[in-house]
Amino acid sequence: MNVLGIDIGGSAFKGAPVDTKTGKLLAERHRVEIDAPCPTAQGLAAAKAIAKHFDWKGPIGIGFPGIILGDKIDAVGNLGTNWEKTNGAAIFRKATGCKVGLSNDADAAGLAEMRFGAGKGHQGSVLMLTFGTGIGSALFYRGQLLPNIEFGHIPWHRSQPIEKYASAAVRQRRNLSWEEWVVRVNVFLKVAERLCSPELIIVGGGVSKKADKWLQFIEAKAKVVPAKMNNDAGIVGAALAWENSAR
Ligand code: BGC
C-alpha cells in the first residue's frame, strides 16, 4: 500500500510517499523548514504543503516527536508545549484533507529499521535510538514494539532531560569533537542499558551516516550498529505505523 510518510524533526517536516511493502520511497523527499519551537499553525501548514507537493489524497502517517496516546498528543519534547493535549490526528486530518495516523517519531523509525534495516529478523531485545534535536528511543522484543519509551527524558544534570546533554544538536551547539560527544553518549548508554539490557542498539538520525566518526568510541555491553536506512527510517516508519495507529 502507498502511504505518505511525514517525519517531524526539530527543524523541519520531511515527507515522501512510501511503498509499505518494500519500504522504498516512491519519490524524492520534500522538506519544509520550521521554527523551533514550532507554532501549531506553522506545523499544520508544513504538513499541508507536503501533501500538496505530492498532490496526495491517500492516507498519511506522521511520526511526531512526543508521546502519542491513541490519536492524541501528550507530552512533547522540543517541538513546543503548544502541541500538547491536542487531538493530533484530527488537526492534521483537517489541515491536509487526508486520513492521518500518528505515532511517536522514534517508534516509527524503529519499525522501519526492524522491518527493512539493521534490526531485520532480530528476535531478541532491540533498542532503537535517534540522535537529532532530542534523543528518541524505541524498544522491541521479538519484533514487537513497546510504544512511547522516552529514554531521552531520563532526568540528568539539575533534573534536565539527558537529551539536553547528549543529543546530536548539543554536539553541534557546543562544538564538541566526535570523541567528546561520544563521552556523553556513553554516559547515556550506560543508564539506558541499566534500564532495559538490550542485545542490540541501533543508532539512527543524521549521525547514522557518519558512523566512521563515532562508532569506534562507543562503549556498551550491547552490540551497537548504525541504522541502515539512514534518515529515511523516520519517513518510511511513519508510513508503516499508519497501519497500526488510531485514526
Ligand atoms: C521526545 C520524543 C522524541 C525525541 C526525538 C524527545 O524530545 O520527547 O518523543 O522521540 O525527542 O525526536
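In this predicted model, helix H5, spanning residues 168–173, contributes 4 residues to the lining of the largest pocket, the largest share. The space in this pocket amounts to about 1000 Å³. Its lining comprises 48 residues, of which Gly-9, Gly-10, Phe-131, Gly-132 and Thr-133 are the closest to the centre of the pocket.

Sorted by class, the residues lining the largest pocket are 20 polar, 18 nonpolar and 10 charged.

Attention may now turn to the second largest pocket, which holds about 270 Å³ of space. Here 14 residues form the lining, and those closest to the centre are Leu-102, Ser-103, Leu-145, Pro-147 and Asn-244. Two or more lining residues are given by each of strand S8 (100–104) and helix H3 (105–116). Strand S8 supplies 3 residues, the largest share of the lining of this second pocket.

Which classes of residue make up the lining of the second largest pocket? There are 7 nonpolar and 6 polar residues, together with 1 charged residue. Domain 1 (2–107 + 232–246) and domain 2 (121–227) each provide at least three residues to the lining of the second largest pocket.

Definitions and conventions:
Residues are numbered from 1 along each chain as its sequence is written. This is a predicted model: local features need pLDDT of at least 70, side-chain atom pairs count only at pLDDT 80 or more; totals for chains, interfaces and linings use all residues. Side-chain values use heavy atoms; hydrogens and water are left out. On a 1 Å grid over the protein atoms alone, a cavity is a set of points where a 1.4 Å probe fits but cannot get out, and a pocket is an open set with protein on both sides within 12 Å along at least five of seven lines; lining residues have an atom within 4 Å of a point. Grid points are joined across faces, edges and corners, and a volume is the space filled by probe spheres set on the points. Ala, Val, Leu, Ile, Met, Phe, Trp, Tyr, Cys and Pro count as nonpolar, Asp, Glu, Lys and Arg as charged, and the others, Gly among them, as polar. Domain bounds come from an automatic or database domain assignment.
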